[in-house]
Amino acid sequence: MQKILPEKPEKPGLNLRGVTIYQDLLDRAAQEALLEDVRAMVRAAPLYSPVTPSGRKMSVRMSAAGQYGWISDRRGYRYSSHHPSGAPWPDIPQRILGLWERVTGYPRTPECCLVNFYTVDARMGLHQDRDEADLNAPVLSLSLGDDALFRVGNTTRGGKTESLWLRSGDVAVLGGSARLAYHGVDRIRAGSSDLLRDGGRINLTLRVVT
Ligand code: SIN
Ligand code: MN
């Protein structure tokens, strides 16, 4: 089962303001296998619609796997050991842990696999990932399904940004000087992939939390 994933990335990856983007890292078979893993995850921990601390409904739907899931609600942004329903999160599938090992080589295991599901009209505003204790650990982000216009800025608010279309099977790593880079998704390109029968995009984000 593990064989379906590529060995360590052969090519160095693109550099988008310090974020490393491995384009086409996963072939179609690997994408389909990971999609099965995501389906099992969301059967155990259904996608829900988070609200921001100010009460605005986010346009993405979320779930997670691992010891901790990142959640947002009226009480704030944080990691929680339980799905909002009260159930524990499922384990992170082995294949996804294997991807982390191969791509990052980081000696710690990710404790959260966040699942973001974007319908074609969903987006995500510029933000930093900074609710984790070990900021030496990189963040790995995987795209499945429709293309997403991914924007990266600086490690402080404002200033220049650059963007790039992430496609199904692409992997982005926020590490080193870009670990705290502002990033977000401006829009989804409807109909750009046939991986998901009803369209849309799945993003998996792996993080060490503690
Ligand atoms: C995120 O930053 O949580 C998601 C990024 C993405 O969807 O590519
Ligand atoms: Mn993020």
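Reader: How many bridges join β6 to β13, and which way do the two run?
Author: In this predicted model, β6 and β13 are antiparallel and seven bridges hold them together.

Reader: OK, and what does C113 stand opposite in β13?
Author: That would be L206.

Reader: Where do those two strands sit in the sheet, what's the order?
Author: It's an open sheet of seven strands, ordered β1-β2-β11-β8-β13-β6-β3, with antiparallel pairing. The edges are β1 (14-16) and β3 (61-65), each of which pairs on one side only.

Reader: How much are neighbouring strands turned against each other?
Author: By 20° on average, ignoring direction.

Reader: Which strands does α1 touch?
Author: Helix α1, residues 28-44, packs on the sheet and touches β3, β6, β8 and β13. The direction of α1 makes about 100° with that of β8.

Reader: And α2, which strands does that one lie across?
Author: α2 covers residues 94-104 and lies across β2 (19-22), β6, β8, β11 (171-174) and β13. Relative to β8, α2 runs at about 120°.

Reader: Is α2 mostly covered or mostly open?
Author: Mostly covered, with eight of its 11 residues buried. They are R95, I96, L97, G98, L99, W100, R102 and V103.

Reader: What do those buried residues pack against?
Author: Helix α1, plus the strands β2, β6, β8, β11 and β13.

Reader: Which strands each supply at least two lining residues?
Author: β6 (112-118), β7 (124-127), β8 (139-145), β12 (183-189) and β13 (201-207).

Reader: Last one, T156. Where is it found?
Author: T156 is in the loop between β9 (147-152) and β10 (162-166).

Reader: Why does T156 count as exposed?
Author: Because T156 has a relative accessibility of 53%, and exposed means over 50%.

Reader: How far is T156 from Y182 in space?
Author: Their C-alpha atoms are 7.2 Å apart, while in sequence T156 and Y182 are 26 residues apart.

Methods. Residues are numbered from 1 along each chain as its sequence is written. Chains are lettered from A and ligands numbered from 1 in the order in which they are written. This is a predicted model: local features need pLDDT of at least 70, side-chain atom pairs count only at pLDDT 80 or more; totals for chains, interfaces and linings use all residues. Side-chain values use heavy atoms; hydrogens and water are left out. Helices (H or I, at least four residues) and strands (E, at least two) are DSSP runs, numbered from the N terminus. Buried means under 20% relative accessible area, exposed over 50%, partly exposed in between (1.4 Å probe, protein chains only). Two strands pair if DSSP finds at least two bridges between them. Axes are lines fitted to C-alpha atoms, for helices over the stretch in contact, and angles run from 0 to 180 degrees between N-to-C directions. Contact means heavy atoms within 4.5 Å.
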